[in-house]
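Please read it with the coordinates open.

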There are 2 protein chains.
Amino acid sequence: MTSSVQSSREKPLLSEAEFIAGFHAIGEERYHHKHPFHLLLHEGKLTRGQLQAWALNRYYYQSRIPIKDAAILARSEDPGFRLVWRKRILDHDGDGTKPGGIEKWLRLVETTGLSREHALRGDGILPATRFAVQAYVDFVSTRSHLEAVASSLTELFSKKLIVLRMDRLREHYPWLSGGLDYFTGRLTQAPEDADFALAWVVKHARTRGEQDLAHAALRAKCDILWAQLDALYFAYVNPGWPPPGAFQPAKESLRT
Amino acid sequence: MTSSVQSSREKPLLSEAEFIAGFHAIGEERYHHKHPFHLLLHEGKLTRGQLQAWALNRYYYQSRIPIKDAAILARSEDPGFRLVWRKRILDHDGDGTKPGGIEKWLRLVETTGLSREHALRGDGILPATRFAVQAYVDFVSTRSHLEAVASSLTELFSKKLIVLRMDRLREHYPWLSGGLDYFTGRLTQAPEDADFALAWVVKHARTRGEQDLAHAALRAKCDILWAQLDALYFAYVNPGWPPPGAFQPAKESLRT
């Protein structure tokens with residue numbers, strides 16, 4: 001990264017359109033919509049046990065999202081920024097009456113046939129999931145505020161993936177249909193969040209070096225999402241080797 | 001972990017022999033000598049490109065070892081402890097005249113046919129490698145001093161693995177034989193380090209809860225080593241899908 005920042009001193013500032021197009025090019029190449037695990041999910045080729053592993057490990061990711069957003073809140077001295085960003089924590093934690101995203105994800109876990117307590121305890125979550133998720137929390141805590149916000153821009157691409165996913169999950173795994181409230185909520189939340197974050201990043205990336213760092217932050221976030229699916233695929237699809245101590249699907253859960 | 005620590009309040013203190021046997025049982029189950037990537041390595045079944053990927057990614061791990069050990073040094077208020085532990089940093093960084101472990105590992109990287117600059121820049125290192133290695137640095141920086149030291153106890157098992165590895169590398173990849181100085185050095189360093197660390201952990205784990213935390217720390221370290229090999233196997237062996245941006249072996253390096 002150092003070398004790209006250095007060489008970028010000689011590169012011209014990107015226009016707003018070029019800067020935004022850069023994020024979309026990164027998403028097209030690196031966002032996890034192309035990951036083989038998601039392709040299998042959307043083709044209906046996963047067993048119940050594999051869906052359980054997915055729901056369990058992604059629960060861990062979901063559970064850390066408000067912590068990640070609180071770390072970003074803590075970076076900002078602007079009450080206006082904090083007011084808008086605070087919504088994300090509400091979306092995931094709920095307001096004490098309506099369920100938030102984490103509670104909705106726990107209902108998805110239950111719909112797969114695992115208990116919510118299993119997810120809450122974190123039993124058998126892949127170490128690689130924990131390492132990647134912690135890398136996300138660390139990233140937003142230690143990089144610049146600009147990079148922290150830019151790392152959220154995977155949400156530019158999430159609506160399209162969620163629309164596809166809801167359609168395919170209902171088609172291929174109708175027994176999961178009652179557990180999809182999380183995705184319904186994200187259909188409106190994610191684009192709102194992405195619009196704000198993109199406008200903020202465009203406004204605050206004032207040099208080519210900052211523009212390059214913002215692009216690199218989105219790449220880093222894509223790496224974090226991708227690595228989680230690599231780990232799921234390796235442990236539960238092919239070759240199918242969960243590490244010592246990780247979740248092992250029950251034998252009756254190995255059918256699609 | 002919380003639940004095991006709580007329930008351990010009712011469990012009796014382990015004898016010194018039981019406590020030490022616990023570390024060996026964890027190693028037998030979870031140390032990476034059993035990992036399929038290492039089995040292929042030792043059976044001579046890896047291509048030059050796969051060996052390059054291994055050397056490159058493990059270089060990243062090696063490069064963070066003195067940082068990890070400095071973080072442990074920084075935990076200790078005991079000059080006697082620091083004096084002994086300081087040796088580890090010297091072993092890896094060298095003394096300015098004799099090469100340390102990192103320099104020796106760079107020579108192994110070069111022997112595989114990659115440039116040392118490639119490794120130093122970190123080009124194409126798997127994100128999952130970075131996440132796992134950072135988890136190790138974080139672990140020793142944020143857990144108790146006892147857990148930090150206990151996490152080093154994988155060295156109890158490393159001599160046996162290194163003896164086997166040197167033998168097999170010379171047999172199956174004779175062109176690598178000139179690059180094995182790193183392992184020669186570790187044959188004496190690792191057992192010395194492990195003897196000190198084990199005696200220190202035995203002395204400082206005074207409650208069953210602390211004994212359990214020390215065992216858990218070794219499990220966590222085994223997870224960190226195992227996850228790195230999972231990522232290598234997934235990216236470069238089976239199914240062989242390096243993530244976007246990761247090292248891609250040259251076509252002529254795909255033969256054993």
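At what angle do the axes of α12(A) and helix α12 (residues 208-236) of chain B cross, and within what distance do they come? Point 4 takes this up.

1. Basis. This is a predicted model, in which local features need pLDDT of at least 70 and side-chain atom pairs count only at pLDDT 80 or more, while totals for chains, interfaces and linings use all residues. Residues are numbered from 1 along each chain as its sequence is written, and chains are lettered from A and ligands numbered from 1 in the order in which they are written.

2. Fold of chain A. Chain A has 12 helices and 0 strands, where helices (H or I, at least four residues) and strands (E, at least two) are DSSP runs numbered from the N terminus. The radius of gyration, taken over C-alpha atoms, is 19 Å, close to the 18 Å that the globule rule gives for 256 residues, so chain A is as compact as a globular protein of that length. The globule rule is 2.2 Å times the number of residues to the power 0.38. The C-alpha trace spans about 60 × 40 × 35 Å along its principal axes. Of the 256 residues, 42% count as buried, that is, with 20 or more other C-beta atoms within 10 Å of their own C-beta, placed from the backbone; 12 or fewer is exposed, and in between is partly exposed.

3. Relation of the chains. The same surface serves both copies, since 100% of the contact residues of chain A recur in chain B.

4. Interface. In all, 22 residues of chain A are in contact with 22 residues of chain B (contact: C-beta atoms, placed from the backbone, within 7 Å). On the chain A side, α2 (16-30), α8 (127-142) and α12 (208-236) each supply at least two residues. That side has 15 nonpolar, 2 polar and 5 charged residues; Ala, Val, Leu, Ile, Met, Phe, Trp, Tyr, Cys and Pro count as nonpolar, Asp, Glu, Lys and Arg as charged, and the others, Gly among them, as polar. To answer the opening question, the axes of α12(A) and α12(B) come within 10 Å and cross at roughly 85°, the axes being lines fitted to C-alpha atoms over the stretch in contact, with angles from 0 to 180 degrees between N-to-C directions. That makes α12(A) roughly perpendicular to α12(B) (65 to 115 degrees). Here A:Asp230, A:Ala231, A:Tyr233 and A:Phe234 meet B:Asp230, B:Ala231, B:Tyr233 and B:Phe234.

5. A packed pair within chain A. Helix α6 (residues 101-112) and helix α11 (residues 181-204) pack at about 145°, with their axes 8 Å apart. From α6(A) come A:Gly101, A:Lys104, A:Trp105, A:Arg107 and A:Leu108, and from α11(A) A:Asp181, A:Tyr182 and A:Gly185.

6. Cis peptides. Most peptide bonds are trans. The bond from A:Asn238 to A:Pro239 is cis, with omega near 0°, and a cis bond also joins B:Asn238 and B:Pro239, with omega about 0°. A:Asn238 lies in the segment after α12 of chain A and is partly exposed, with 14 other C-beta atoms within 10 Å. Leaving aside neighbours within four places in sequence, A:Asn238 is in contact with A:Tyr233, B:Asn238 and B:Pro239.

Key: Contact = placed C-beta atoms within 7 Å. Parallel < 35°, antiparallel > 145°, perpendicular 65-115°, else oblique.
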